[in-house]
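Thanks, everyone. I have one model to walk through, and I'll keep it quick. Here it is on the screen.

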Amino acid sequence: MIPTAVRGLRLSRQEWVLVAITFLWGATFLVVHFAVTTTGPWFFVGVRFLAAGVIAALVLNRGLRGLRPREIAAGAAIGVMVYLGYGLQTVGLQTIDSSTSAFITAFYVPLVPLLQWAVFRKAPRWTVWIGVVLAFAGLILVAGPSAAGFSLGQGEVVTMISTLAIAAEIILISVFAGRVDVGRVTVVQLIVASLLAFLTMPVTGEAVPAFSWVWLLAAVGLGAMSAAIQWAMNWAQRSVSPTRATIIYAGEPVWAGIFGRLAGERLPALAIVGAALIIAGMVVSELNPRRRRPN
């Protein structure tokens, strides 16, 4: 007989799609890290999601007809979280390397069930609390020796804040799943994220950068990837639960770490231990042990 834990590892078609996007997602960290050396973070986020929105709209073409108020509201809500999550993550990548950013971003995994508890009053399992402790300990080690006194740098702090928005995005996608058209909501959320990023520029004093093929090609390339990633998340999470999705997304920092190492990034030994703790925290938080029934 196959153990319950092993049976739980079997993946559906939708889950395999989520596995594939973790590969793309992991690659984006390194690209953004290089791109923000030629442009400000909010301008880059604005161009990236504008390109994503235009690409998604062109692919859907006639599918945008019949856009309903519910879909606009759903897209706007998810778009705000995309803007905050990716925007703050991009700000952080100005001062920390892509591998560090990816592992800190992974902190959203144990946050998902905690936010579900706050919103839906569904108490997390005891394994979630263990996962949170492991992930937080790992976060401190990844952030570096100075973090031992809880004095995180600006890059680490804004990246950690971005995890709240990413966790909220995953929950919102599941809330609206099956009730709205996936394609139309995807286009709306991408355009909303882009507009909010551009509107943030004057608030932060960020100017439009000089033209560079680096940020343009990076933004368009990531725009295409973002369109695919956001559509895949909206589509797959119609049948994949938020907690199940988050354990799949745990592969994201692993891929990011691989890409970062290929590019010459080297995490110190303590940070590698921290990364392992974060991944362990993600896995433990999604375990669902069942009590044995008495004979």
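Start with one residue. L196 touches V80 and Y83, leaving aside residues up to four places away in sequence. Contact here means heavy atoms within 4.5 Å. L196 sits in helix α9. Its relative accessibility is 26%, so L196 counts as partly exposed. On that scale, buried is under 20% relative accessible area, exposed is over 50%, and partly exposed lies in between, with a 1.4 Å probe and protein chains only. L196 and V45 are 151 residues apart in sequence, yet 9.4 Å apart in space, C-alpha to C-alpha.

A word on the source. This is a predicted model, where local features need pLDDT of at least 70 and side-chain atom pairs count only at pLDDT 80 or more, while totals for chains, interfaces and linings use all residues. Residues are numbered from 1 along each chain as its sequence is written, and side-chain values use heavy atoms, with hydrogens and water left out.

Now the overall picture. The protein has 13 helices and zero strands. Both are DSSP runs, numbered from the N terminus: H or I, at least four residues, for helices, and E, at least two, for strands. Of the 295 residues, 51% count as buried. Take contacts between residues at least 6 apart in sequence: 91% of them join residues at least 24 apart.

Next, the core. A nonpolar core is a set of buried Ala, Val, Leu, Ile, Met, Phe, Trp, Tyr and Cys residues joined through side-chain atoms within 4.5 Å. The largest one has 60 residues, and those with the most contacts inside it are L18, W25, F44, F49, Y108 and Y249. Elements giving two or more residues to this core include α2 (13-35), α3 (41-60) and α9 (182-204). Which helix gives the largest share? That is α10, with ten residues. As for F44, its contacts beyond four places in sequence include V32, T90, W215 and L222.

Two packed helices are described by the angle between their axes and the distance between the axes. Axes are lines fitted to C-alpha atoms, for helices over the stretch in contact, and angles run from 0 to 180 degrees between N-to-C directions. Under 35 degrees counts as roughly parallel, over 145 as roughly antiparallel, 65 to 115 as roughly perpendicular, and the rest as oblique.

First partner: α8. Helix α5 (residues 98-105) packs on helix α8 (residues 154-176) at about 40°, with the axes 9 Å apart. The two are therefore oblique. S101, I104 and T105 of α5 meet E156, T159, M160, T163 and I166 of α8.

Next partner: α12. Helix α5 and helix α12 (residues 251-262) pack at about 175°, axes 8 Å apart. That makes α5 roughly antiparallel to α12. S98, S99, A102, F103 and T105 of α5 make the contact with E252, P253, A256, G257 and G260 of α12.

The axes of α2 and α5 come within 9 Å and cross at roughly 130°. So this pair is oblique too, and the crossing is right-handed. F29, L30 and H33 of α2 meet S98, S101, A102 and T105 of α5.

That's the tour. Questions, please.

Conventions:
A crossing is left-handed if the near helix is turned anticlockwise from the far one by less than a right angle, and right-handed if clockwise.
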